[in-house]
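Dear colleague,

I am passing on the structure below, followed by notes on what was found in it. Please read the notes with the model open beside them.

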Amino acid sequence: MAHGNHVIAALSYLVPDRHRPVSYASEPPAGEPWESGRFEARAMLVQDARERPTRSSVHQEGFELWDAPSQVKDFHDPQEVQRTYYHEAAELALAASGGRRAWVFDHLVRRREPRDRPLDFGRGMHAAAGANGRLHNDYTLASGARRLELAVTDERERRLLRRFCILNIWRSIRGPVHDTPLAVCDSRSVQEDDFVTAEVRYSNRVGEVYFLKYSPEHRWNYYSAMDRHEALVFKQFDSMTSGVARFTPHGAFDHPRAPADAPPRESIELRCLVGFE
């Protein structure tokens with residue numbers, strides 16, 4: 001592209017059919033495919049959000065970037081992450097959302113597979129998960145509502161929440177991301193019928209996400225060369241039904257101008273439920 005760091009990149013959309021897509025996050029039973037859905041790459045404009053004339057908002061576009069250095073030394077150490085990063089992330093989630101209280105409930109470290117391996121649902125060959133290239137939203141209307149009961153176990157406190165949202169906080173844990181950034185879709189450009197409900201099957205449970213089907217109206221963004229001191233905060237569910245971003249589809253993409261010697265992207269994503277008065 002001629003404008004700054006905007007790029008035309010291949011993004012992986014679901015091709016919908018009459019079947020409900022199923023993806024496995026762990027080894028599937030013998031004879032079962034890793035994923036039942038069919039995906040197609042679409043060439044889409046992905047704008048560098050650093051070049052936006054105004055700052056985006058987690059409640060309007062669905063995402064925003066924060067300068068948020070972390071005290072964590074080793075993001076591969078789950079104990080250090082839970083001891084230090086969970087508190088940092090909860091404070092960041094409250095600052096970004098304006099919420100009253102935050103409950104961090106999980107995190108995942110990812111490492112991009114070798115560049116000659118196509119992006120998929122993020123099943124890594126190594127200890128860490130791979131980069132997830134399927135355009136998706138972490139929660140559906142149903143699974144977002146269920147998460148409230150799992151994250152806020154005190155029934156009385158749960159009943160007092162008039163509104164809640166779920167945020168994903170994403171950051172690089174190695175250095176500037178050049179090879180496989182994360183694209184986020186402006187929530188205002190997505191319609192309800194662009195989503196397709198899909199099952200995600202783990203070894204011990206079944207989850208539910210939205211995959212995204214193609215629309216030329218989608219407006220995609222990324223932040224060029226995101227570094228370790230930065231955090232991308234984006235909305236994955238909001239119980240408020242109008243006036244705010246509710247879902248922010250996202251997915252990794254291979255940057256077409258990534259240097260050949262760019263190190264594989266390593267990142268951490270953390271999910272946090274935020275309660276409002």
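Helices (H or I, at least four residues) and strands (E, at least two) are DSSP runs, numbered from the N terminus. In those terms, Ala225 is found in the loop between strand E11 (220-222) and strand E12 (230-238). Ala225 has a positive phi of about 50°, although it is not a glycine, and it is partly exposed at a relative accessible area of 32% (buried is under 20%, exposed over 50%, partly exposed in between, with a 1.4 Å probe and protein chains only).

This is a predicted model, in which local features need pLDDT of at least 70 and side-chain atom pairs count only at pLDDT 80 or more, while totals for chains, interfaces and linings use all residues. Residues are numbered from 1 along each chain as its sequence is written, and side-chain values use heavy atoms, with hydrogens and water left out.

On to the pockets: on a 1 Å grid over the protein atoms alone, a pocket is an open set of points where a 1.4 Å probe fits, with protein on both sides within 12 Å along at least five of seven lines, and lining residues have an atom within 4 Å of a point. The largest pocket is lined by 30 residues, with Ala25, Val200, Tyr202, Arg205 and Arg271 nearest its centre. Strand E5 (101-111), helix H2 (141-151), strand E10 (206-212) and strand E14 (266-276) are the elements that each give two or more residues to this lining.

The second largest pocket has 13 lining residues, of which Gln191, Glu192, Phe195, Arg246 and Phe247 are the closest to its centre.

Best regards
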